[in-house]
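Here is a short briefing to read alongside the structure. Have a look at the chain before going on to the notes below it.

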Amino acid sequence: MSNKDLSKEKLEEIVIKLENKYLTKKNIYVYLVSKNDKVLDTLDAVLHIIKTSIYFYQYHRALRYIVIFKFLCEKYFNLLKLDKEKSGIKI
């Protein structure tokens, strides 16, 4: 196994862990119901950039966007922010 394969596997593993941690059904539903789709669109765009960068062996670029993705997830999926979004939902 070459270094490229090992790097690719590690980066993909990191992305999967971040997706499983932050992109839960509960978190996604809160933003869908609150009509604040821009957050999900932004996260989806960053994820797409990460996966495309990995596909084209641009590991440095992928790593930079993984850091951005983690920062955005921590910003939007913390408990205070989710509670604020929940309070704005009118059912």
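In what order do the elements of the chain run from the N terminus on? The answer is α-α-α-α-α, and the count for the chain is 5 helices and 0 strands. Please keep in mind that this is a predicted model.

**Overall picture**

- Taken along the principal axes, the C-alpha atoms of the chain fill a box of roughly 55 × 20 × 15 Å.
- The chain has 91 residues, and buried residues make up 29% of them.
- If you take the contacts between residues at least 6 apart in sequence, 71% of them join residues at least 24 apart.

**The nonpolar core**

- There are 22 residues in the largest nonpolar core.
- Y31, L43, I50, I54, F69 and F77 are the residues with the most contacts inside this core.
- At least two residues of the core come from each of α1 (3-22), α2, α3 (37-55) and α4 (59-76).
- F77 is in contact with Y22, L23, N27, Y31, L43 and L82, leaving aside its neighbours within four places in sequence.
- Among these partners of F77 are Y31 and L43, which are also listed with the most contacts inside the core.

**Helices α3 and α4**

- The axes of α3 and α4 come within 8 Å and cross at roughly 160°.
- Angles over 145 degrees count as roughly antiparallel, and therefore α3 and α4 are roughly antiparallel to each other.
- The crossing in which α3 passes α4 is left-handed.
- On the α3 side, the contact is made by V39, T42, L43, V46, L47, I49, I50, S53 and I54.
- On the α4 side, Y59, R61, A62, Y65, I66, F69, L72, C73 and Y76 take part.
- By type, the residues of this contact divide into 15 nonpolar, 2 polar and 1 charged.

**Helices α2 and α5**

- Helix α2 covers residues 25-33 and helix α5 covers residues 79-87; their axes come within 9 Å and cross at roughly 45°.
- That angle makes α2 oblique to α5.
- The crossing of α2 and α5 is left-handed.
- K26, N27, V30 and Y31 of α2 make the contact with K81, L82, E85 and K86 of α5.
- The residues of the contact of α2 with α5 divide into 3 nonpolar, 1 polar and 4 charged.
- Three residues named in this contact, N27, Y31 and L82, are also in contact with F77.

Terms used:
Residues numbered from 1 in each chain as written. Predicted model: local features only at pLDDT ≥ 70, side-chain atom pairs only at ≥ 80, totals over all residues. Heavy atoms only, no water. Axes fitted to C-alpha atoms, helices over the stretch in contact; angles between N-to-C directions. Helix = DSSP H or I, 4+ residues; strand = E, 2+ residues; numbered from the N terminus. Parallel < 35°, antiparallel > 145°, perpendicular 65-115°, else oblique. Left-handed = near helix turned anticlockwise from the far one by under 90°. Contact = heavy atoms within 4.5 Å. Nonpolar A, V, L, I, M, F, W, Y, C, P; charged D, E, K, R; others polar. Core = buried A, V, L, I, M, F, W, Y, C linked by side-chain atoms within 4.5 Å. Buried < 20%, exposed > 50% of the residue type's maximum accessible area, 1.4 Å probe, protein only.
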